[in-house]
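Colleague: I would like a close look at one part of this model, the aromatic side chains. Please take me through them step by step, and then show me what lies around them.

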Amino acid sequence: MMPEEAVFRSVTQSDLADVAKEVVKRLNTIPVWLFHGEMGSGKTTFIKAICRAAGVEEAMSSPTFSIVNEYETREHSKIYHFDFYRIKHEAEAYDIGTEEYFYSGYPCFIEWPEKIPSLIPGRRAKVSIQVENNTERTIVISVHEREEENRV
């Protein structure tokens with residue numbers, strides 16, 4: 001099991017499945033995952049690898065225009081993938097019912113979470129993807145907890 005913070009250095013495309021398996025081990029205890037990284041750093045690619053490791057067999061794509069995609073696993077569980085890059089106001093995310101998704105107990109993978117700071121649940125994992133070069137990334141995963149009433 002991953003410690004409260006795990007660092008995976010020099011991750012290549014072929015390494016993603018192994019790192020994704022480490023995330024899947026934590027999905028029952030941490031349903032909300034925040035993905036940080038510059039445009040093109042591999043957030044969507046890593047989320048797809050995690051979904052594959054969790055048993056999603058259907059085709060997956062970035063929810064850039066739909067804001068949220070819902071996937072079903074082999075066990076008929078759900079996974080939600082959000083991309084808030086295109087929203088202009090946090091209220092847009094609230095209006096689609098993000099809190100219902102975030103507190104559903106199903107895994108939620110969120111790209112561009114900095115666009116919705118007051119909607120993020122207290123218990124969550126942060127995934128930071130740093131580009132090392134054209135083929136390698138450093139992925140840092142950390143678990144965070146804060147009191148719900150302090151959400152702002």
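Modeller: Start with a cut-off: a residue is buried under 20% relative accessible area, exposed over 50%, and partly exposed in between. Keep in mind that this is a predicted model. Now take Tyr-101. Its relative accessibility is 22%, so Tyr-101 counts as partly exposed.

Next, look at what Tyr-101 pairs with. The structure holds eight aromatic pairs. One of them joins Tyr-80 and Tyr-101. Their ring centres are 4.6 Å apart. Their planes stand at 70 degrees, so this pair is edge-to-face. The two partners come from distant parts of the chain. Tyr-80 is in strand 4 (residues 78-83), and Tyr-101 is in helix 4 (residues 98-102). They are 21 residues apart. Tyr-80 has a relative accessible area of 6%, so Tyr-80 is buried.

Tyr-101 also pairs with Phe-82. Here the ring centres are 5.2 Å apart. The planes are at 80 degrees, so this pair is edge-to-face too. Again, strand 4 is linked to helix 4, with Phe-82 and Tyr-101 19 residues apart. Phe-82 is buried, because its relative accessible area is 0%.

Now widen the view. Tyr-80, Phe-82 and Tyr-101 belong to one aromatic cluster, together with Phe-84, Phe-102 and Tyr-106. Another ring, Tyr-85, has a charged neighbour: Lys-115 lies over the face of Tyr-85, at 5.8 Å from the ring centre.

Strand 4 also has a loop to look at. Thr-73 sits in the loop between strand 3 (68-72) and strand 4. At 7% relative accessibility, Thr-73 is buried. Beyond residues up to four places away in sequence, Thr-73 touches Ala-54, Gly-55, Val-56 and Ile-79.

Finally, turn to the nonpolar cores. In soluble globular proteins, nonpolar side chains tend to be buried together. The largest nonpolar core here has 28 residues. Among those with the most contacts inside it are Trp-33, Phe-35, Phe-46 and Val-127. Several elements each supply at least two residues, including strand 1 (5-11), helix 1 (16-24) and strand 6 (124-131). Helix 2 gives the most, with five residues. Look at Val-127 itself: leaving aside neighbours within four places in sequence, Val-127 is in contact with Trp-33, Phe-35, Phe-46 and Ile-139, among others. A second, separate core has 16 residues.

Notes
Residues are numbered from 1 along each chain as its sequence is written. Side-chain values use heavy atoms; hydrogens and water are left out. Rings of Phe, Tyr and Trp (its six-membered ring) pair if their centres lie within 6.5 Å; planes under 30 degrees apart count as stacked, over 60 as edge-to-face and the rest as tilted. Helices (H or I, at least four residues) and strands (E, at least two) are DSSP runs, numbered from the N terminus. Buried means under 20% relative accessible area, exposed over 50%, partly exposed in between (1.4 Å probe, protein chains only). A charge sits over a ring if NZ of Lys or CZ of Arg is within 6 Å of the ring centre and within 35 degrees of the ring normal. Contact means heavy atoms within 4.5 Å. A nonpolar core is a set of buried Ala, Val, Leu, Ile, Met, Phe, Trp, Tyr and Cys residues joined through side-chain atoms within 4.5 Å.
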